[in-house]
Amino acid sequence: MHPLLSKDNRGFTLTEIMIALAIFTIGILAVNAMQIASIKGNSKARQITEAGNLACDRIERIIALDYDDSALADDDGDGTDQDADLDGVDDDGGNFGLDHETAATADHSTISVDGNYKIFWNIAVDQPVYNNKTIRFIAVYDDDPADGGKGKTVFDYIKKK
């Protein structure tokens, strides 16, 4: 008898093949789940980067303006003269109106060219010290449109007179 056809070399049983296929399937499903998580993570990172870039572009335009320019005005007055005792804390209990992130409440706003990002900026006059303006830029984007989630990127800048 030929040595390759001996009794010890009969091949795999059906049970061994089924177990191997089950292990292979579990591995493929794990890789698939990891791939989906990776795609979602990359999408989130792209959104954060794009929001940051748009906000930085707006920051560069705004900081080049004169201190008294209308784009650097506290339009709703909620960040002006809110620290009468000069302790660095908003006397009205808020954050000098810097956290407003809707077109109705923010001092100023703009929408990106593609409409997916909105940039809001709020001004607090004489903060943190006299003759300085704190400007908070907030870039808002749809984080997960399926569940209505919003993401945001925030930058603060202080402009002196």
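**Note on the predicted model**

1. The structure is a predicted model. Helix α1 covers residues 14-63, and at 1.5 Å a residue its 50 residues should span 74 Å; the C-alpha atoms at its ends lie 73 Å apart, which agrees with that expectation. The buried residues of this helix are Q47, A51, G52, A55, R58, I59 and I62.

2. The largest nonpolar core has 15 residues, of which I62, W121, I123, I135 and F137 touch the most other members. Two or more residues of this core come from each of α1, β2 and β3, and β2 gives the largest share, five residues. Leaving aside residues up to four places away in sequence, the contacts of I123 include A71, L72, F96, L98, H108 and I135.

3. Two aromatic pairs are found in the whole structure. One of them joins Y117 and Y141 in a tilted arrangement, with 5.8 Å between the centres and 50° between the planes. Because Y117 belongs to strand β2 (residues 117-125) and Y141 to strand β3 (residues 132-144), the pair ties together parts that are 24 residues apart in sequence. Y117 is buried, with a relative accessible area of 4%, and Y141 is buried at 3%.

4. A ring is involved in a further contact: the charged end of K133 sits over the ring of Y67, 4.4 Å from its centre.

5. T153 is placed in strand β4 (residues 149-160) and is buried, with a relative accessible area of 13%. Not counting residues up to four places away in sequence, T153 touches I48, A51, G52, F137, I138, A139 and Y141.

6. The structure holds five salt bridges. In one of them, the side chains of D99 and R136 meet at 2.5 Å, N to O. This pair links distant parts of the chain, 37 residues apart: D99 is in the loop between α1 and β1 (108-111), and R136 is in strand β3. D99 is partly exposed at 43% relative accessible area, whereas R136 counts as buried at 12%.

7. R136 forms another salt bridge with D156, the closest N and O atoms being 2.6 Å apart. D156 lies in strand β4 and R136 in strand β3, so this pair ties together parts 20 residues apart in sequence. D156 is partly exposed, with a relative accessible area of 46%. Through shared partners, salt bridges join D99, R136 and D156 into one network.

Conventions
Residues numbered from 1 in each chain as written. Predicted model: local features only at pLDDT ≥ 70, side-chain atom pairs only at ≥ 80, totals over all residues. Heavy atoms only, no water. Helix = DSSP H or I, 4+ residues; strand = E, 2+ residues; numbered from the N terminus. Expected span 1.5 Å × (residues − 1). Buried < 20%, exposed > 50% of the residue type's maximum accessible area, 1.4 Å probe, protein only. Phe/Tyr/Trp six-rings, centres within 6.5 Å; stacked < 30°, edge-to-face > 60°. Lys NZ or Arg CZ within 6 Å of the ring centre and 35° of its normal. Contact = heavy atoms within 4.5 Å. Core = buried A, V, L, I, M, F, W, Y, C linked by side-chain atoms within 4.5 Å. Salt bridge = Lys/Arg side-chain N within 4 Å of Asp/Glu carboxyl O.
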